[in-house]
Amino acid sequence: MSGSARSEIFSRLRKASRGETEENIQRERLSLGSAPAPTPPAPEHCQAFILNVLKNQGSVDCVSNRSEAVKAIAHYLYAHFHNYRLVAGNDPRLAAMPWRDAGVLPRFGSLEAGEPVALSFARLGVVETGAVVTWTSKANPAANNFLPEHHIVLVDKNDLVPTMEKAWERINHALETTGRPRGINFIAGPSSTADIEGELVYGAHGPHRWHVVLLGDIPVDAQNIARAASKDQS
């Protein structure tokens, strides 16, 4: 959209709302209602979230506690790099993880050149899209989300929300208490781009791989059922 077209649109909006009170504008907005929520790909939230992560070309581990989470991360690191090194933000929830249980050697801070793996802690997981929501700050550098070759994200089952609307409700409620972070990122898969012929390429300008570790009381077989459904739909 050109600058002149954008200016014309905003000019029309200003003219249409001139003289209207804030209450009238809000009432008209609410009268429009909202679109119906999309039907999830599975009836159970964890299963639907996992399925959407897989559709987004991500991978998933399900764990019941923090010790298992550390071991799952260690297994992922060794499978891809034959070591246990990664970078994690200074988020206290990551610092408190029992890293010694699996011999993982995190460096806390922002990703630097030559470091291929970063770990983030997600504030939310969105079932509707399979996205995770991270807040960037000095303790949670944006570089750790967008610059590593492999991006690992830890998300708690209790922080899954069904829709984008519910995600923003939770975010806005949190902002009232904590204030606005430097950035709010919705991440749904590794980086991707398409050329003029529509061929999709992953890892062109960011992480090549995106791995989600879902922590909590996950229903038995949720991961296996989601993986089977993902293969059937591919």
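Five bridges connect strand S6 (residues 131-136) with S9, and the two strands run antiparallel. Within this pairing in the predicted model, threonine 134 has asparagine 185 of S9 as its bridge partner. Helix H7 (residues 164-178) packs on the sheet to which these strands belong, where it touches strand S5 (124-126), S6, S8 and S9. The direction of H7 makes about 160 degrees with that of S9. The sheet itself is open and has four strands in the order S8-S5-S6-S9, with mixed pairing. Its edges are strand S8 (160-161) and strand S9 (183-187), each of which pairs on one side only.

The loop between S8 and H7 contains threonine 163. This residue counts as buried because its relative accessibility is 12%, under the 20% cut-off. Leaving aside residues up to four places away in sequence, threonine 163 touches Ala37, Val126 and Glu128. Its side chain also reaches the backbone nitrogen of lysine 166, at 3.2 Å.

A second open sheet is built from six strands in the order S1-S12-S7-S4-S2-S3, with parallel pairing. S1 and strand S3 (105-108) form the edges, each pairing on one side only. From one strand to the next, the twist averages 25 degrees. S4 and S7 are joined in the parallel sense by five bridges, and alanine 118 stands opposite histidine 151 in S7. Helix H4 packs on this sheet, touching S1, S2, S4, S7 and S12, and its direction makes about 165 degrees with that of S7.

H4 comprises 16 residues, 66-81, and spans 22 Å from its first C-alpha to its last, close to the 22 Å expected at 1.5 Å a residue. At the N-terminal end, asparagine 65 caps the helix: one of its side-chain oxygens lies 3.1 Å from the backbone nitrogen of serine 67. Histidine 82 follows H4 and has a positive phi, near 55 degrees.

Which residues of H4 are buried? They are Ala69, Val70, Ala72, Ile73, Ala74, Tyr76 and Leu77. In an α-helix there are 3.6 residues a turn, so residues three or four places apart point the same way. The cover over the buried residues of H4 includes strand S1 (59-63), strand S2 (85-88), strand S4 (117-121), strand S7 (150-156) and strand S12 (209-215).

Methods: Residues numbered from 1 in each chain as written. Predicted model: local features only at pLDDT ≥ 70, side-chain atom pairs only at ≥ 80, totals over all residues. Heavy atoms only, no water. Expected span 1.5 Å × (residues − 1). Buried < 20%, exposed > 50% of the residue type's maximum accessible area, 1.4 Å probe, protein only. Contact = heavy atoms within 4.5 Å. Polar contact = N/O pair within 3.5 Å; in protein donor to acceptor, adjacent residues only side chain to side chain. Pairing = 2+ DSSP bridges. Axes fitted to C-alpha atoms, helices over the stretch in contact; angles between N-to-C directions.
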